[in-house]
Structure formats: C-alpha cells, structure tokens
Amino acid sequence: MKPCLHSARLLAAHSHRPYSFTQQHGARSKAARSSCLSLTAHARKGLQELLTLRKPEQDNILLKQGNVSRRLPVPDSIARPSYVQLQESPWGDDYQIHNTKEARDKMRAACRLAAEILQMAGGLVKPGVTTDFIDRKVHEMAVANGAYPSPLGYGGFPKSVCTSVNECLCHGIPDSRELRDGDTINIDVTVYLNGYHGDTSSMFRVGNVSEADWNLCTVTEAARDAAITACGPGVPINRIGQVIQEFADKHKYGCVKEMVGHGVGTVFHCAPPIFHTRNREPGTMQPWQTFTIEPIFTAGAPRHRTWKDHWTMVTKDGQRAAQYEHTILITDKGHEILTKL
C-alpha cells in the first residue's frame, strides 16, 4: 500500500506544477516536459493500483437499518418479567446467589433452554435469511416452551433477540436486512422461564467468511473460555478482565470497556458488573452465584457509536466486532457453565 500511496502523493503534487512553473519561467524544454509527463503517468498508474487494492474494503458496505416489523405477541399464560409492563431497563444491586437446589435447578433449566434456542437460531444462518426471520423463530421456540423472550420490552426493546452483524458490537435490532455471504453475526438469546433468566450468545458465519474475520471470532471465544476457567469461589472478580485483556493484547485486538457482563437470575441484569478489561473493581466470587461473561473484541479501535434507535452499537471505524457469552454458576469447588450444551 505504501508505494501506491506515495504514487498518489506524486500525482497530487505534479498535477499543479506545470501551470505554476510555466507561468514563472515560460516554455519548458522538451526534456523537462517529457520527464514531468513520465512522473505523472507513473503516479496515475500508482493511483489506479491503490484504488484496486482498496476496492474490497469499499465493497464491505456498512450496516444500515432495515424495516423493523411489529413486536410479536406472547400468550397471556406465560409469566412476564416485571419490567415489561413498565418498559424499564432496571439494574439490581444484589448478587444473584442460589442457595437451594430448587433455585439452582430452575436456573439450569432457563439457561439450557436459552442454549437450545441459540443452537436452533444458529442453524438458520445463511445468505438470504433476514434477522427478522431469526427473531420470529427464536420467539416461537421460547413461547412454545413456556418461556418469555427476555429482551422483548426491556427498556422498550422491540424484538425477542439481539442480532448483531459485522461491525455491530451488540444490541442489534432484527430487521428486514438479508444476511450476505461473508457476514458474521452474533445472536444473543435470553429467556425468562419459571422466574429465572438464562442468557447466552455466540458468533456464526454466513457463507464464506474471510480468515481474518473468523480469527477475530475464534480469539474472542477463546478469551471468554479462558476467563471462565479462572473462575471459582474466592477468586477476585477482576481476574476475569485481566485474563480477557491479555488475550486482546496478545492478538492486537481492541476490547470494549463500556459493555460489561452482569449478575443474572431472577433479575435480568444486576451486580456485579463484569468488566472485560483490566480493572481494580473489588469483590470475590461467591458459591452459588450466577453471572455472565461476554467480552466484545474489535478488529480496529474499540470505540463505538449508537444509532438513533438508541440500541444498535457499531464500531466507529466500521471494522468488525465479535462477542461470545455464557452464564456461569460458581460452585463450592469451582464453576459450572450453565449455557453449554
């Protein structure tokens, strides 16, 4: 790229010289004119090469919001979280600690259903499928199993699942956009079953994905898994961020600081916030506590902007992002991944 950029600069410089030089010094010699024409031709050739090399990046069209269909109905017989009617997005201050076997079994059931729905949704991913179609199938499977799709109505969110494509960090709203060959998509599923939320997400490839784009995904997943391995009773919660940041630094990826994991259980989002970058937050992991680990890595800078829908977050530089999430239970001896099938 550098030789081509240098040639482009030559073209910009020499395209103004003939006019200025001729005015000041009159007619130029044949040899000088020939030399200048040669430099200009060389620079133009370099500029053409630059444009050719940049074409694949230009073809990677940035996301635009499609048409968002109406929210899907949920039968009255299915219990709803309290935030649905109020259209709030509450944060609870108390840790989710499940001291009874009954509570832990209900948490396991909600998480298993979320994982099964995610697996089903991932199987739908292919070129030509819309994220709205994926949302409908997620909604139908949740309702068929007596569960409420937790995102629906959370803070006014209009859909039953989050679908984040390419440069979308998270909270993508399903719409009419068709998935394209080469896309990557995160599907984030949460269900509310028998009073408990199960929360998980994963990346999926659409058709033929480039090695570089999929490597971002595999490294993000590996970082999450390494952080989970470090979990256990008495372990500092900030150990999670340290492990994940080390992965990002090693592979030269950005790691989004602002989006955190969270406690989850009878409430959707609560303490403690799980930072995925190095931090000095206090607190240790407690037996029978549940929370999510869900790092977001970026191919470029980890800076982002939010669309006018107040939900969709995308990278500022348009480069791709990847996220993986599990809900885990801290046991008396280690940990259990509740959303792993």
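Tutor: Let's open with a charge and a ring: the charged end of Arg205 sits over the ring of Trp214, 4.1 Å from its centre. This is a predicted model, where local features need pLDDT of at least 70, side-chain atom pairs count only at pLDDT 80 or more, and totals for chains, interfaces and linings use all residues. Residues are numbered from 1 along each chain as its sequence is written, and side-chain values use heavy atoms, with hydrogens and water left out.

Student: What counts as a charge over a ring?

Tutor: NZ of Lys or CZ of Arg must be within 6 Å of the ring centre and within 35 degrees of the ring normal. Arg104 also lies over a ring face, that of Trp288, at 4.0 Å from the ring centre.

Student: How many aromatic pairs are there?

Tutor: Rings of Phe, Tyr and Trp (its six-membered ring) pair if their centres lie within 6.5 Å; planes under 30 degrees apart are stacked, over 60 edge-to-face, and the rest tilted. That rule gives five aromatic pairs. One of them, Phe157 with Trp311, is edge-to-face, at 5.2 Å centre to centre and 90° between the planes.

Student: Are Phe157 and Trp311 buried or exposed?

Tutor: Both are buried (under 20% relative accessible area, 1.4 Å probe, protein chains only). Elsewhere, ring pairs link Tyr83, Tyr154 and Phe268 into a cluster.

Student: Which strand order does the open sheet have?

Tutor: Strands of a sheet pair through backbone hydrogen bonds, either parallel or antiparallel. Strands here are DSSP runs (E, at least two residues), numbered from the N terminus, and two strands pair if DSSP finds at least two bridges between them. The order is S6-S10-S13, with antiparallel pairing.

Definitions and conventions:
Buried < 20%, exposed > 50% of the residue type's maximum accessible area, 1.4 Å probe, protein only. Helix = DSSP H or I, 4+ residues; strand = E, 2+ residues; numbered from the N terminus.
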